[in-house]
Amino acid sequence: MSLDLPYGLPQEQSMNAYSFLFCQTRCTALPSGALHLPDHDVLCVSDLHLGKSERIARRSGVMLPPYEVVETLQKLETDIAATNPDHIICLGDSFDDLDAAISLNEDMRLWLARLQAGKTWVWIEGNHDPGPVDMGGTHKADITVGTLTFRHIATNATAEVSGHYHPKHRVTGRSRPAFLCDTQRLIMPAYGAYTGGLASHAPELRKLFNGRIMAILTGHKAIPVPIT
Amino acid sequence: MTTLPPKFETWFATRGWAIHPHQQAMLNQADAPALMLIAPTGGGKTLAGFLPSLLELSDGQHDGLHTLYVSPLKALAADIKRNLRTPVAEMDLPIRIEDRTGDTSYTQKRRQRADPPHILLTTPESLALLTSYEDAPHIFKGLQRIIVDEIHALAESKRGDQLMLALSRLQTLAPNLRRVGLSATVEDPDAIAAELACHPDPCAIINADPGPDPDISMLITQEKPPWTGGGAKYAIPAVLEQVKNHKTTLIFHNTRAQAEIFFHNLWLANIDDLPIGIHHGSLAREQRERVEAAMVAGELRAIVCTGSLDLGIDWGDVDLVVQVGAPKNVKRLVQRIGRANHRYNAPSKALLVPANRFEVVECVAALEAVKEHDLDGDRKGPGPRDVLCQHILITACAGPFDADQLYQEIKTVGAYRTLSRAAFDDCLDFCATGGYALRAYDKWKRLLQTADGLWQLRDPRAAQRIRMNIGTIQDTDTLKVRMKGNFKALGEVEEAFAATLTPGDTFLIGGQVVRYENLKEMTVEVSRRGDKTPKIATFMGTKFANSTQLSQRILRMFEQPNWPELPAHTAEWLGLQRRVSKLPEADRILVENFPHEGRHHICVYGFAGRNAMQTLGMLVTQRMEELNLHPLGFVATDYATLIWGLDPIDDPAPLFKPDNIRADFETWLSGNAVMKKTFRGAATIAGLIERNLPQARKSGRQATFSSDILYDTLAKYDPDHLMMRITREEAMRGLVDFGRIEEMLSRTAGRIDHIALDRVTPLSLPMFLEQGRIAVAGAGQDRILEEEAARLMHEAGVGSL
């Protein structure tokens, strides 16, 4: 059959995740918004925005509940336990700014270190965190895994996985963070707890795709839906 | 007895006026530290309030601000300025009068701070802002009197609490300040008087002659009111006939959307081209001002309006008030009726127009209540702490403060007189550190304590942000609407409504049908379109809940064997309900279930008011969700909740057992949309979420998103945080209104009647076209969403995978 959309791999659908083939690489979208590459033992998460509440307090005096780092790391720990990857890619904007990375409290640093133990950990640079951070792992502008290139902001390249836009998609009146992809580009939803979103019909997002786009909604279950 | 100086005597005489007894009483008691006047509209209430100030200022000796006038509406301040300048000019008094509202220019505001007028007319929000400036002691130092107009309206909301907190500040800056309240007829004047006075000072109350009883009746039309809906389209010809027979008619609606639809239909039927205008809060300011000006000039025969015209602006010769839709609240109805015949001692004339069959019952109940002077009102709780948090931040903007002094000052506010020191310290801690169990912000505290023990802003630049967020009015996120290629705004629609529009959709705004073109930089662009039937603009307006008193009256009516006071069509309808099912009784809960269009329905009649019935819907659907009954949604009115779902429910009665409902309420509090909305309101007022950023306005959608997440996060990690406690407390009243569910549960004491039927019942019928259906975000919706996604996948040719 000829398809111009990345399509599902029915034999591998677990309960709530959604597996599909993207540029010849097997990918699994987790309901949490993480992406698992089982053939490469890679788990990728994008836009964690750790330290966002600290940055807001520093800049504006408004003190949001300081629990978003705990919430985000808890989620990440669950996904790591479920997929047991060798490699973890944080696809940029992992920290809300570089000062937020420096100010991360000791408990959270130790937790992050525990998660990193025994894994290769790659920090892809994002617009919020352009420099290296004083934490385990390697800092890179982009990285290639099998057929795919991972970087923070989408370019014109083919077979590319990126983040940055925090895409959301609306079906039957409900808007949820979503993966968006066509045959050459996969844009990941934001993983961090305090992150807003950009609607899938926004021109900034639409212009990145050619042809038909599929959204994979996150939530209780990763649900694929074509965008019409 | 204070006599009028000759200048004033002459002025009254040339107008052919004599001083009213209550105006004289106000003069006689002008020295009282607190004084409240209760007078009907048109009783010279405003002049009574200002007369002592005019007298005191007439010698030209006072330097600086003498009298502050606060009203809930900007328009009212402008109106009073106009009306007050007339006697001042005619008597050639050396008095400078200015207004200061959100509409006042920046330069004018600067000048007012440096050189305040003798009389300043303002709103609670503008006043709170004034007290936040470092030069507040200079501005207010000579202040003698404050006049709070329409205090009954302010007292019902957090705006009143904010105002009274600001007054406590002013009293410290100007210890000789005397307080005057002007109120319409209310059910409990003592309660309002106690809020006005500087606690524990007494407050004298002066009652003006209430005038003759209003001439009020229900509009009887040839055509029967429809079963459902709120448009009252059927009554258009009859209303138009009334407009023709009167000089000027005000046509009140309960929501903006209904006003728009009615106005549209009125014009379609208006073959005589009578000049009729529309006025509501979603219209652009220029448009509202145009209508106001035309009204004052006597150019309009009628105005279709909402609560934005509720308050005492003088619109000239209104001789008829029409209330479309059931009034929901007797007190508000009486105040609206007071708008007609703006002449003292002439009876007001008013007509009620029920929009549907059930509202016929409600209108008759309301008419009886008016006849018996049975006003309704719910008791207010103690002063809200979110407003207190904002007050602390405002105080910090003006300069370093001493916590002990501030606490003592706040205790002089009636609503906060029982505030404990611990509760105050909680609020102060929230303002200073965020008040979290996890003390994360030691480095970035908002308030710091200096070496001398005073509290001040860590970063003085934060003052600007705090000032931009002053106020307690809950605005839903709205988007401006304008014609494509034209910069002038037509008005505003809610963002949630705009999100449902696709290009080509039509809706009503400002009485015209427009076509949605696109969304550009947070503005809805439209083009003119005259031909299509519009999609409805679902402005929320204010959906008032039926008052407890009115609900009880209706239940008493249901006990009657027959209803001679009701029109035949409505009496027959109730009779039919009694035959096929039964009529709800005050001391029992009636639950009906029946199938309809492939869905299983439950209708429960609790008569607890719209908000509480909505909460009941949420609680019950949550329990159904747990029982895997796949509820899909529900809709609530003042008297009932209708729930539908995928699975049949053979025995719904256990769902409504008091113990279950109370237990469910506790678990339910943690995660639902109404609680999140309540949280968002409190968190915005308390300064946790910002309303206006100094830069570009944050998109409302993102704000909604993040405040929900903040709520979820707090519920999970810090459930006893101050904001969560405030949210839970407010849940008992307001939007969640669990207090009235409790009232319903104790009234019915577990007596539940369950009736299973094979079709829709007469009384539940109106529920089916009710607006504001709420979807249940649960397994049932996931099932439908997955089905829809699968269908789309199938259409895309990948369905087999």
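Q: Which way do strands E1(A) and E2(A) run, and how many bridges join them?

A: To read a pair of strands, one looks for the bridges between them and for their directions. In this predicted model, strand E1 (residues 18–22) of chain A is joined by five bridges to strand E2 (residues 25–29) of chain A, and the two run antiparallel. One pair to find in the structure is Ser19(A), whose bridge partner in E2(A) is Thr28(A).

Q: What lies between E1(A) and E2(A)?

A: Two residues separate the strands, which together form a hairpin, and in the turn Cys23(A) has a positive phi of about 50 degrees.

Q: Is strand E1 of chain A mostly covered or mostly open?

A: Here one asks how many residues are buried, meaning that they have under 20% relative accessible area. For E1(A) the count is four of five residues, and the strand is therefore described as mostly covered.

Q: Why does the length of helix H15 of chain B agree with what a helix should span?

A: The general idea begins with the turn: an α-helix has 3.6 residues a turn, so residues three or four places apart point the same way. Length is then checked residue by residue: H15(B), residues 357–371, has 15 residues, which at 1.5 Å a residue should span 21 Å, and the end C-alpha atoms lie 22 Å apart, which agrees.

Q: What surrounds H15(B), and what is found at its start and just after it?

A: Because 13 of its 15 residues are buried, H15(B) is largely enclosed by the rest of the structure. At its start, a side-chain oxygen of Asn356(B) comes to within 3.1 Å of the backbone nitrogen of Phe358(B), while just after the helix His373(B) takes a positive phi of about 55 degrees.

Q: How many cavities of 30 Å³ or more are counted, and what lines the largest cavity?

A: A cavity is read by its volume and by the residues around it. The count is six cavities of 30 Å³ or more, and the largest has a volume of about 90 Å³. Its lining includes Val62(A), Gln390(B) and Arg446(B), and the lining residues divide into six nonpolar, three polar and three charged.

Q: Which residues line the second largest cavity?

A: Among them are Ala128(B), Gln162(B) and His391(B), and helices H6 (124–131), H9 (158–173) and H16 of chain B each give two or more residues to this lining. The second largest cavity holds about 50 Å³ of space, and its lining divides into four nonpolar, three polar and one charged.

Definitions and conventions. Residues numbered from 1 in each chain as written. Chains lettered and ligands numbered in written order. Predicted model: local features only at pLDDT ≥ 70, side-chain atom pairs only at ≥ 80, totals over all residues. Heavy atoms only, no water. Buried < 20%, exposed > 50% of the residue type's maximum accessible area, 1.4 Å probe, protein only. Pairing = 2+ DSSP bridges. 1 Å grid on protein atoms, 1.4 Å probe; cavity = no way out; pocket = protein on both sides within 12 Å on 5 of 7 lines; lining within 4 Å. Points joined across faces, edges and corners; volume = space filled by probe spheres on them. Nonpolar A, V, L, I, M, F, W, Y, C, P; charged D, E, K, R; others polar. Expected span 1.5 Å × (residues − 1). Polar contact = N/O pair within 3.5 Å; in protein donor to acceptor, adjacent residues only side chain to side chain.
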